[in-house]
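Here are a few friendly notes to read alongside the model. Take them one at a time, and find each place in the viewer as you go.

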Amino acid sequence: MKKISFQMIAILLASAMLLASVSALFAQPILRNDIVVDAPQEDDPLSPEPPQSDGETNAPQEEPEDVPEENIPQPPQTPATANYIKAKVNGLNLRSGPGSGYSSVGYIDAGDMVALITKEGAWYKTKYKNKTAYISASELYTEEYNMAKASQDVIEEVIGEGLLLLGHPYIYGAIRFHDGAGNKLKNFDPTKYDCSSLMQYIFYHGAGINLNMTTRTQVKQGTYVAKSDLRRGDLMFFTNSTRYNKTGTERIGHVALYLGDNYILHTASDYAVIEPISAQRWKYYIESRRFF
């Protein structure tokens, strides 16, 4: 009886040891090519983060190099131009609307110009006597003309004031806008100018500059400019037939605003106009003054 019991205990112990070995074997992770394949748990802090879905990466990004502004290719710049309409014939009407059936508001002669605002069909839109006006766009009567603008905007502001007054009649001794110091005068009429009162008005409204009241005092203002150095925005001073033989500033009898390309904006004997400087007027030329 004791012999059987001892054998049975031995068998039971062996069975227990075998069972323990098998259990330990199945408790180890399965290895394939040395890679652990048992899945990480959802809350495992060592689990890899899911891949980014928006293309982001945790890798450090290189900052783009700063390229000096002067080395950045720039698109070609088109020089700013002032755009005009030049008449090809004398007595060319400007009208209140875009058609020959509209009333005439004035006229310009061959070589004279007005500002080009836009083209509407067969007509150019402009400003004349401070109102909207139209002039034929037919090649028989007009052509577009461009010249370079000034480098300073204030000069174009002064010219722009003058463009609004084209067509207003010349009135010798017209009442000035102010007394030369900016004090406005009574009875000023914004539709009537002589040469010096026109310049005074546009310099005041375009640049806040107070010009004196006559050509003979205006010529003492600004900075002297040689004839060979004339540029857009300079004031040009001339004598005339009645003052030709006088001396000093008493010779001065006319003033005009130089636009470039031998063109001036002024008023003389008829109405405010943009026209080329005639050979006769060049004979009367005395000097120029610059304010900008």
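1. **The whole chain.** The protein's secondary structure comes to five helices and 16 strands. Keep in mind that you are looking at a predicted model. Of its 292 residues, 36% count as buried. Contacts between residues 24 or more positions apart make up 60% of the contacts with a separation of 6 or more.

2. **Two helices that pack.** How do we describe such a pair? Two packed helices are described by the angle between their axes and by the distance between those axes. Here, helix H2 (residues 153-164) packs with helix H3 (residues 195-207) at an angle of about 130°, and their axes are 8 Å apart. H2 and H3 are therefore oblique to each other. The crossing in which H2 passes H3 is right-handed.

3. **Who meets whom between H2 and H3.** On the H2 side, look for Val154, Glu157, Val158, Glu161 and Gly162. The residues they meet in H3 are Tyr201, Ile202, Phe203, His205, Gly206 and Ala207. The residues of this contact divide into six nonpolar, three polar and two charged.

4. **Strand E3 and its partners.** Strand E10 (residues 142-148) is joined to E3 by seven bridges, and the two run antiparallel. In this pairing, Ile85 stands opposite Glu144 in E10. Strand E6 (residues 113-115) also runs antiparallel to E3, with three bridges joining them. There, Lys86 stands opposite Met113 in E6. As background while you look along the strand: in a regular strand the side chains alternate between the two faces of the sheet.

5. **Val255, a buried residue in a strand.** Find Val255 in strand E13 (residues 254-260). Why does Val255 count as buried? Its relative accessibility is 0%, and buried means under 20%. Which residues is Val255 in contact with, leaving aside its neighbours within four places in sequence? They are Cys195, Ser196, Met199, Thr215, Gln218, Leu235, Met236, Phe237 and His266. Take Met199 as an example: Val255 and Met199 are 56 residues apart along the chain, and their C-alpha atoms are separated by 7.8 Å.

6. **Arg243, a buried residue in a loop.** Arg243 has its place in the loop between strand E12 (235-238) and E13. With a relative accessible area of 18%, Arg243 is buried. Leaving aside neighbours within four places in sequence, Arg243 is in contact with Arg216, Glu250, Arg251, Ile252 and Gly253. From Arg243 to His254 there are 11 residues in sequence, and the C-alpha to C-alpha distance is 10.0 Å.

7. **Two loop residues with positive phi.** Asn262 is found in the loop between E13 and strand E14 (263-267). Its phi is near 70°, a positive value in a residue other than glycine. Asn262 counts as partly exposed, at 28% relative accessibility. Ser269 lies in the loop between E14 and strand E15 (272-276). Ser269 is not a glycine either, although it has a positive phi of about 70°. At 67% relative accessibility, Ser269 counts as exposed.

How values were computed
Residues numbered from 1 in each chain as written. Predicted model: local features only at pLDDT ≥ 70, side-chain atom pairs only at ≥ 80, totals over all residues. Heavy atoms only, no water. Axes fitted to C-alpha atoms, helices over the stretch in contact; angles between N-to-C directions. Helix = DSSP H or I, 4+ residues; strand = E, 2+ residues; numbered from the N terminus. Parallel < 35°, antiparallel > 145°, perpendicular 65-115°, else oblique. Left-handed = near helix turned anticlockwise from the far one by under 90°. Contact = heavy atoms within 4.5 Å. Nonpolar A, V, L, I, M, F, W, Y, C, P; charged D, E, K, R; others polar. Pairing = 2+ DSSP bridges. Buried < 20%, exposed > 50% of the residue type's maximum accessible area, 1.4 Å probe, protein only.
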